[in-house]
Amino acid sequence: MAVGCLPVLIAMVLTGTEAVPGPKPLGVFPDAGGCHLAQFQSLSPQELQAFKKAKDTFEESLSLKAWSCRPRLFPRTWDLQQLQVWERPVALEAEVALTLKVLETMADRSLGSILDQPLHTLRHIQSELQACMEAQPPAGPRPRGRLHHWLHRLHEAPKKEPLSCLETSVMFNLFRLLTRDLKCVASGDLCA
């Protein structure tokens with residue numbers, strides 16, 4: 001070993017740093033490198049109210065229809081805390097992407113201007129998630145396990161679910177997405 005490397009190695013051992021830097025999970029430095037997810041630890045009351053208004057309007061229209069859907073797209077057991085920290089933004093981005101796709105369709109058909117503010121907020125969240133994922137080195141091989149299952153489920157939902165069931169699942173999942181999933185990803189390592 002070269003003499004000049006020894007002080008560096010000793011310093012690394014004493015400080016607990018790695019010899020070869022690896023990819024850092026998003027939560028380690030939530031606002032580093034163009035990644036600004038910490039701003040989403042809580043949404044403003046106005047933003048939440050816009051989502052509530054859209055959900056309430058949708059629920060009113062549901063009461064006029066008879067519908068039955070298979071098991072929920074977003075089951076109660078779906079919890080981002082079950083994923084590794086680096087997997088959470090990937091799962092959340094897929095969840096937001098599907099939500100945007102469904103809400104944009106609903107805005108074109110029925111809910112129109114009621115969805116303007118929620119769509120704007122979700123697009124902003126999605127762009128920040130994408131910026132964070134682009135700022136990180138590739139995590140390695142393709143997603144496996146629970147993350148793979150969730151991503152596959154979200155990807156297949158538009159093909160397998162009737163539109164009315166997809167809309168219902170997305171609308172009933174909105175507040176969990178905003179208050180639990182988004183907050184968990186924004187909290188990074190602190191989400192336990």
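**Entry 1: the disulfide**

I started at the sulfur link of cysteine 184 and cysteine 191, which is left-handed, with -100 degrees about the S-S bond. The model is predicted, so I kept in mind that local features need pLDDT of at least 70 and side-chain atom pairs count only at pLDDT 80 or more, while totals for chains, interfaces and linings use all residues. Residues are numbered from 1 along each chain as its sequence is written, and side-chain values use heavy atoms, with hydrogens and water left out.

The S to S distance between cysteine 184 and cysteine 191 is 2.0 Å. I took a disulfide as a pair of cysteine sulfur atoms within 2.5 Å, and by that rule I count one disulfide.

Are the two cysteines buried or exposed? Cysteine 184 is buried, at 7% relative accessible area, and cysteine 191 counts as buried at 10%. My cut-offs: buried is under 20% relative accessible area, exposed is over 50%, and partly exposed is in between (1.4 Å probe, protein chains only).

**Entry 2: the chain overall**

I counted six helices and zero strands in the protein chain. Helices (H or I, at least four residues) and strands (E, at least two) are DSSP runs, numbered from the N terminus. Read from the N terminus on, the order is α-α-α-α-α-α.

Of the 192 residues in the protein chain, 38% count as buried. I also looked at contacts (heavy atoms within 4.5 Å). Among those between residues at least 6 apart in sequence, 85% join residues at least 24 apart.

**Entry 3: H2 against H6**

Next I checked how helix H2 (residues 45-62) sits against helix H6 (residues 163-187): the angle is about 155 degrees and the axes are 10 Å apart. The axes are lines fitted to C-alpha atoms, for helices over the stretch in contact, and angles run from 0 to 180 degrees between N-to-C directions. H2 and H6 are therefore roughly antiparallel.

Which residues make the contact? From H2 I listed Leu48, Phe51, Lys52, Ala54, Lys55, Phe58, Glu59 and Leu62, and from H6 Glu167, Thr168, Met171, Phe172, Leu174, Phe175, Leu178 and Thr179. The contact of H2 with H6 sorts into 10 nonpolar, two polar and four charged residues.

**Entry 4: alanine 54**

I then went to alanine 54, which lies in helix H2 and counts as buried at 0% relative accessibility. Leaving out neighbours within four places in sequence, alanine 54 is in contact with Leu111, Ile114, Leu115, Pro118 and Met171.

**Entry 5: tryptophan 78**

Where is tryptophan 78? I found tryptophan 78 in the loop between H2 and helix H3 (88-111), and at 1% relative accessibility this residue counts as buried. Not counting residues up to four places away in sequence, tryptophan 78 touches Leu73, Glu95, Trp150, Arg153, Leu154, Arg176 and Arg180. Tryptophan 78 and aspartate 181 are 103 residues apart along the chain, and their C-alpha atoms are separated by 9.6 Å.

**Entry 6: histidine 152**

Last stop was histidine 152, in helix H5 (residues 145-160). Histidine 152 is partly exposed, with a relative accessible area of 42%. Histidine 152 and alanine 94 are 58 residues apart in sequence, and in space they are 9.7 Å apart, C-alpha to C-alpha.

How values were computed:
Parallel < 35°, antiparallel > 145°, perpendicular 65-115°, else oblique. Nonpolar A, V, L, I, M, F, W, Y, C, P; charged D, E, K, R; others polar.
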